[in-house]
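Here is a short report for a reader new to this structure.

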Amino acid sequence: MEFAYFPNCGLISLLVATVDGKTVEVGMVGNEGVAGVASAVGLTISPLRQLVQISGDGFRITVKNLQNLLESTPQFQMALSRYAVVQGMQIAQTAACNRLHDAGERLARWLLMAADRVDSSSLPVTHDFLATMLGTDRPSVSLAAKILQRKKIIEYRRGTLEILNRKKLESSACECYKVIRQFNSVLQLP
């Protein structure tokens with residue numbers, strides 16, 4: 001890793017890839033965090049791939065400069081350490097979710113998490129993309145999206161998904177969304 005990225009807006013997916021080229025999303029980073037957080041503790045490699053899913057802007061810092069900055073600013077070091085732990089908990093919760101919950105619940109969770117990070121109810125996503133992120137096939141995503149659309153919770157137009165009723169979407173998500181949201185609430189410094 002050469003850089004750490006601090007998005008102001010947009011969405012970066014954290015992916016795990018298998019030898020045969022399959023990928024699954026295990027976390028996401030928006031304006032609440034940093035992509036490449038492992039570099040803050042001196043690691044130069046990571047099994048996670050970082051892929052910008054929704055474009056935006058942000059800041060980039062070299063690993064060396066980040067480490068120098070952390071040494072001179074203990075509060076920033078504490079904030080980044082908290083974020084690293086929270087990101088680890090998010091990754092663990094997402095792994096459990098991907099294994100234990102159905103595609104519809106996972107889709108609702110993902111949409112809520114993405115909307116939170118980009119601060120928008122409109123998401124430029126395709127069913128193929130969502131299938132990759134959720135570790136499932138496209139027909140499962142299409143069926144889950146159709147159910148949410150029939151209930152007037154979302155509206156899907158080619159390449160764009162609009163959240164119409166956030167409260168109902170939260171009810172459609174598994175408990176993982178609330179758990180991950182609780183993790184993020186501890187990021188605030190006392």
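Two residues are in contact when heavy atoms lie within 4.5 Å of each other. By that rule, R117 touches G10, L11, M28, V29, G30, N31, E32, Q90, I180 and N184, leaving aside residues up to four places away in sequence. The model is predicted.

R117 sits in helix 3. Is R117 buried or exposed? R117 is buried, because its relative accessible area is 5%, and buried means under 20%.

One of its polar atoms lies 3.0 Å from the backbone oxygen of M113.

E32 counts as partly exposed, at 25% relative accessibility.

## Helix 4 and its burial

Which residues of helix 4 are buried? They are H127, F129, L130, A131, M133 and L134. That makes six of the eight residues, so helix 4 is largely enclosed by the rest of the structure.

Just after helix 4 comes G135, which takes a positive phi of about 65°.

## Helix 4 against helix 5

Helix 4 spans residues 127–134, and helix 5 spans residues 138–150. The two pack with their axes 8 Å apart, at an angle of about 110°. Angles of 65 to 115 degrees count as roughly perpendicular. Helix 4 and helix 5 are therefore roughly perpendicular to each other.

Which residues meet where the two helices pack? Helix 4 brings H127, D128, L130, A131 and L134. Helix 5 brings R138, V141, S142 and A145. By class, this contact has five nonpolar, two polar and two charged residues.

A salt bridge joins the side chains of R138 and D128, at 3.1 Å from N to O. R138 lies in helix 5 and D128 in helix 4, so the pair ties together parts that are ten residues apart in sequence. R138 is partly exposed, with a relative accessible area of 41%.

## Salt bridges across the structure

How many salt bridges does a search of the whole structure find? It finds six.

E170 is partly exposed, with a relative accessible area of 25%. R166 is also partly exposed, at 31% relative accessibility.

E170 and R166 belong to a network of salt bridges, which also links D116 and R181.

Methods. Residues are numbered from 1 along each chain as its sequence is written. This is a predicted model: local features need pLDDT of at least 70, side-chain atom pairs count only at pLDDT 80 or more; totals for chains, interfaces and linings use all residues. Side-chain values use heavy atoms; hydrogens and water are left out. Axes are lines fitted to C-alpha atoms, for helices over the stretch in contact, and angles run from 0 to 180 degrees between N-to-C directions. Helices (H or I, at least four residues) and strands (E, at least two) are DSSP runs, numbered from the N terminus. Angles under 35 degrees count as roughly parallel, over 145 as roughly antiparallel, 65 to 115 as roughly perpendicular and the rest as oblique. Ala, Val, Leu, Ile, Met, Phe, Trp, Tyr, Cys and Pro count as nonpolar, Asp, Glu, Lys and Arg as charged, and the others, Gly among them, as polar. A salt bridge is a side-chain nitrogen of Lys or Arg within 4 Å of a carboxyl oxygen of Asp or Glu. Buried means under 20% relative accessible area, exposed over 50%, partly exposed in between (1.4 Å probe, protein chains only). A polar contact is a pair of N or O atoms within 3.5 Å; within protein, one must be able to donate a hydrogen and the other to accept it, and residues adjacent in sequence count only if both atoms are side-chain atoms.
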